[in-house]
Amino acid sequence: MYSHAPRLAALAAASAILATACFGGTPPAASPAPADGGTQVSTGSDVKATLSGDPGSGTKNVTITFGSVTAAGAVKAEPAATIPTLPAGFARTAAFDISTTATFDKATVCFDNDKVTATSKLYHYKNVTWEDRTSSVNPPQICGEFTSFSPVAIVDGQAASPTPTPTTAPTATATPTEAASATPSPTAAATTAAPTVAATKTPTPTAAATKTPTPTVAASPTPTPTPSPTPSPTPTPSPVANAPACPTTGLAICGTVTDSATGAVIPQACITLGPPIRCWTTTGGDGKYVINLSDVAAQPGTTWDVYALRTTPEPKYAQAYSGVFPVSGIVTKNFQLVKQ
């Protein structure tokens, strides 16, 4: 990273306004233009720059070959004292912060390092994660393909194997035996009244007629219907508020973030100063953002660089980089992001 003593006070004051951070950690200082100017590259195709290495890490030199440079500028590779935590199983061999003020499409970066082995890899810290950018390994040289710069590390090791999940044997489930249900047949009990013999004065008795009563059948109960559940209403998501208006005076960086394919605005995109470790702010529902540097007592003419990306919510968008630029008033930096 670049050293910016004039901006230390400004960045310290800014920590109080980072309550809506997208990533954990301490907000980085903005990267300035290289103090020594770096190595200048001109426009053209297959533009090559050879930079000094780092004897302490065994790196003799760093060679960068740009596919196409559309705007000339300076490129620099500085040994990195600290880098974000590497994936489990990998150890650092050497690390560099690579930056450029040139505009390019892609670049091949090669390191000549005495500690490179056949199992070495070239990792690039991008979108808050490490990516394997290795394209070739021919000890002592290792190369990788890049479309943007930030921390780059030569690493050795092997990714940790995931712990296998034991397979539990399925438990046999016995088929339940259906109990036979005997359906009783209703029996209508008929009660027969005994005949009554009526006594008369005549010698021949008269038999009174008898009547067999009809049995009463009990009525089956009517089942009570089960009420249907009332569906819960689907919640309506709250709209994202628009960004505040860009100030007309003071020191500020403002802009709009859109989809490179459709031109639609992108809300909730993360805007960072320097490499994307912590969001400085996010875009509103209108895709706009505002970074008011006057609030942190920034000095006119200080150089800054801005990244824009979106890792959540879906869809995700790859990071875009503004390059390094001075701020002496109101500066507009728009971004067109590519959907991942």
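Author: The side chain of S120 makes a polar contact with the side chain of D156, at 2.6 Å. A polar contact is a pair of N or O atoms within 3.5 Å; within protein, one must be able to donate a hydrogen and the other to accept it, and residues adjacent in sequence count only if both atoms are side-chain atoms. The model is predicted, so that local features need pLDDT of at least 70 and side-chain atom pairs count only at pLDDT 80 or more, while totals for chains, interfaces and linings use all residues. Residues are numbered from 1 along each chain as its sequence is written, and side-chain values use heavy atoms, with hydrogens and water left out.

The S120 side chain also reaches the backbone nitrogen of T117, at 2.9 Å. As to its place in the chain, S120 is found in the loop between β7 and β8 (121–126). Strands (E, at least two residues) and helices (H or I, at least four) are DSSP runs, numbered from the N terminus. By this count the protein chain has one helix and 22 strands.

Is S120 buried or exposed? S120 is buried, because its relative accessible area is 3%; buried means under 20%, exposed over 50%, and partly exposed in between, with a 1.4 Å probe and protein chains only. Buried residues make up 37% of the 340 residues in the protein chain.

Which residues surround S120? Apart from neighbours within four places in sequence, S120 is in contact with K115, V137, I142, I154, V155 and D156; contact means heavy atoms within 4.5 Å. In the protein chain, of the contacts between residues at least 6 apart in sequence, 64% join residues at least 24 apart.

I142 in β11 is the bridge partner of V137. Strand β10 (residues 134–138) runs antiparallel to β11 and is joined to it by four bridges; two strands pair if DSSP finds at least two bridges between them. β10 and β11 form a hairpin with two residues between them. P140 has its place in the loop between these strands, and a cis peptide bond, with omega about 10 degrees, joins P139 and P140. Most residues other than glycine have a negative phi, and most peptide bonds are trans.

On its other pairing, β11 (residues 141–146) meets β7 (residues 107–113) in the antiparallel sense over six bridges. Within this pair, T108 stands opposite E145 in β11. In a regular strand the side chains alternate between the two faces of the sheet.

The loop between β8 and β9 (129–132) holds N127, and V128 lies in the loop between β8 and β9 as well. Phi of N127 is near 55 degrees, a positive value in a residue other than glycine, and phi of V128 is also near 55 degrees. N127 counts as buried because its relative accessibility is 10%, whereas V128, with a relative accessible area of 25%, is partly exposed.

Leaving aside neighbours within four places in sequence, Q340 is in contact with N127, K316, Y317 and A318. Q340 is exposed, because its relative accessible area is 58%. The C-alpha atoms of Q340 and T311 are separated by 9.5 Å, although the two residues are 29 apart along the chain.

P315 lies in the loop between β19 and β20. These strands run antiparallel, and seven bridges join β19 (residues 302–310) to β20; the bridge partner of Y307 is Y321 in β20. Both strands belong to an open sheet of four, in the order β17-β16-β19-β20, with antiparallel pairing. Its edge strands are β17 (281–282) and β20 (317–327), each pairing on one side only.
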